[in-house]
Amino acid sequence: MQSKSKNQKSKRKLFLFLLIIICVVIVDFFSKRFVLQNLQFNEPIVFIENFWQWRLVFNPGAAFSLLADAGGWQKYFFMATTLLISGYLFYLLLKELHKTLQSVGFSLILGGAIANLIDRFLYGAVVDFIDWHYYDKFYYPTFNLADSAVCLGVFLVMINIIFFDKNKE
């Protein structure tokens with residue numbers, strides 16, 4: 001009886017983690033759809049002067065536009081890398097469902113990775129639009145909601161490792 005209830009609990013947890021992944025993908029997809037329909041390429045819409053704007057850009061590279069000017073091969077490299085890493089993260093998610101904080105982190109990372117992978121399939125690059133800056137002195141790289149989910153997921157996994165992982169030495 002105990003293992004049946006434990007199995008049910010694991011199924012419920014897995015369902016919730018899959019729901020997080022799906023929600024990240026859907027919210028990111030519709031935010032990008034809105035931006036693609038309402039913004040002109042590289043034309044900012046200012047929300048807070050000298051601090052926050054939306055500006056549609058396409059990033060063929062990775063984080064911080066790494067390899068953006070590599071000539072096109074990077075699209076396939078990043079797609080393959082994303083699929084491999086996502087497969088491994090999903091394996092870890094299934095293996096360690098009992099680590100709730102880590103599993104939420106993995107789910108956010110997976111949702112963000114899948115969302116940006118969809119962009120690469122559809123547009124050949126990732127759609128970015130959130131642009132933070134300080135006057136003309138500092139510009140943070142333009143990003144999207146999927147990127148935010150990945151960063152939050154990595155943060156949660158790190159918190160789990162530092163404070164809650166019982167396997168650390």
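**View 1. Buried residues of helix 2 in a predicted model.** Helix 2 buries Gln-74, Phe-78, Met-79, Thr-82, Ser-86, Leu-89, Leu-92 and Leu-93. Buried means under 20% relative accessible area, exposed over 50%, and partly exposed in between (1.4 Å probe, protein chains only). Helix 2 covers residues 73-95, 23 residues in total. From first to last C-alpha it reaches 33 Å, close to the 33 Å expected at 1.5 Å a residue. That expected span is 1.5 Å times one less than the number of residues. Helices (H or I, at least four residues) and strands (E, at least two) are DSSP runs, numbered from the N terminus. This is a predicted model: local features need pLDDT of at least 70, side-chain atom pairs count only at pLDDT 80 or more, and totals for chains, interfaces and linings use all residues. Residues are numbered from 1 along each chain as its sequence is written, and side-chain values use heavy atoms, with hydrogens and water left out.

**View 2. Helix 3 and the glycine after it.** Helix 3 (residues 100-123) has 24 residues, which should span 34 Å at 1.5 Å a residue; the end C-alpha atoms are 34 Å apart, which agrees. Gly-124 follows helix 3, with a positive phi near 80°.

**View 3. The Trp-54 and Phe-129 ring pair.** The structure holds 12 aromatic pairs. Rings of Phe, Tyr and Trp (its six-membered ring) pair if their centres lie within 6.5 Å; planes under 30 degrees apart are stacked, over 60 edge-to-face, the rest tilted. Trp-54 and Phe-129 are edge-to-face because their ring centres are 5.1 Å apart and their planes stand at 80°. This pair links distant parts of the chain, 75 residues apart: Trp-54 is in strand 2 (residues 52-59), Phe-129 in strand 3 (residues 126-134). Both residues are buried.

View 4. One cavity of 30 Å³ or more is found in the whole structure. A cavity is a set of points, on a 1 Å grid over the protein atoms alone, where a 1.4 Å probe fits but cannot get out; lining residues have an atom within 4 Å of a point. Grid points are joined across faces, edges and corners, and a volume is the space filled by probe spheres set on the points. The largest cavity holds about 30 Å³. Its lining is Val-25, Asp-28, Phe-29, Lys-32, Ala-115, Ile-118 and Asp-119. Helix 1 (2-38) and helix 3 each give two or more residues to this lining. Helix 1 gives the most, with 4 residues.

Terms used
On a 1 Å grid over the protein atoms alone, a cavity is a set of points where a 1.4 Å probe fits but cannot get out, and a pocket is an open set with protein on both sides within 12 Å along at least five of seven lines; lining residues have an atom within 4 Å of a point.
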